[in-house]
Amino acid sequence: MAASPPDPSHPDLSTPAGQAAYRAELFKVARPLRLAGLTLTILGILFLFEAQGWHSVTERTFGLAGIVLIALGWSLMIVGIIKRTLYHKKKMREIEAGQPR
């Protein structure tokens, strides 16, 4: 009984080249979400540094904007991480289903 040819859409994880290809593929999943989240979080932290005293209206505005940006940034990063994890689980199920037992 001949083994079925490998599926080109699934990387061969038994080789270092296949592992590197899958790692690169996984790195690209939800990358814009994760980068946007990181950017918003850093921007929020900079706003909080600007609002050091919270004494004037401007400082309070910067402080509240910083808190909102940090919350949005973390939310985006968490959504990106969840999407990447779900993609990985789905891909592993597909690879498992395609392998003969």
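Student: Is phenylalanine 62 buried, partly exposed or exposed, and at what relative accessibility?
Tutor: In this predicted model, phenylalanine 62 has a relative accessibility of 29%, so it counts as partly exposed.

Student: And what about phenylalanine 47?
Tutor: Phenylalanine 47 is partly exposed as well, at 24% relative accessibility.

Student: How many aromatic pairs are there?
Tutor: The count comes to 1 aromatic pair. It is formed by phenylalanine 47 and phenylalanine 62, whose ring centres are 5.2 Å apart.

Student: Why is that pair edge-to-face?
Tutor: The planes of the two rings stand at 70°, and an angle over 60 degrees counts as edge-to-face.

Student: Which helices does the pair link?
Tutor: Phenylalanine 47 belongs to helix H2, residues 31-50, and phenylalanine 62 to helix H3, residues 57-98. The two residues are 15 residues apart, and the pair links distant parts of the chain.

Student: Staying with helix H2, is threonine 41 buried or exposed?
Tutor: Threonine 41, a residue of helix H2, is buried, with a relative accessible area of 8%.

Student: What does threonine 41 touch?
Tutor: Leaving aside residues up to four places away in sequence, threonine 41 touches Leu69, Ile70, Gly73, Trp74 and Met77.

Student: Where is isoleucine 42, and how accessible is it?
Tutor: Isoleucine 42 is in helix H2 and is partly exposed, at 44% relative accessibility. It contributes to a nonpolar surface patch of about 620 Å², together with Leu35, Leu38, Leu43, Ile45, Leu46 and Phe49.

Student: New topic: what lies over the face of phenylalanine 27?
Tutor: Arginine 34 does, at 6.0 Å from the ring centre.

Notes
Residues are numbered from 1 along each chain as its sequence is written. This is a predicted model: local features need pLDDT of at least 70, side-chain atom pairs count only at pLDDT 80 or more; totals for chains, interfaces and linings use all residues. Side-chain values use heavy atoms; hydrogens and water are left out. Rings of Phe, Tyr and Trp (its six-membered ring) pair if their centres lie within 6.5 Å; planes under 30 degrees apart count as stacked, over 60 as edge-to-face and the rest as tilted. Helices (H or I, at least four residues) and strands (E, at least two) are DSSP runs, numbered from the N terminus. Buried means under 20% relative accessible area, exposed over 50%, partly exposed in between (1.4 Å probe, protein chains only). A charge sits over a ring if NZ of Lys or CZ of Arg is within 6 Å of the ring centre and within 35 degrees of the ring normal. Contact means heavy atoms within 4.5 Å. Patches are made of residues with over 30% relative accessible area and no salt bridge: like charges are joined within 9 Å, nonpolar side chains (Val, Leu, Ile, Met, Phe, Trp, Tyr) within 5 Å. Accessible areas come from the Shrake-Rupley method with a 1.4 Å probe; for residues, only the protein chains shown count as cover. A salt bridge is a side-chain nitrogen of Lys or Arg within 4 Å of a carboxyl oxygen of Asp or Glu.
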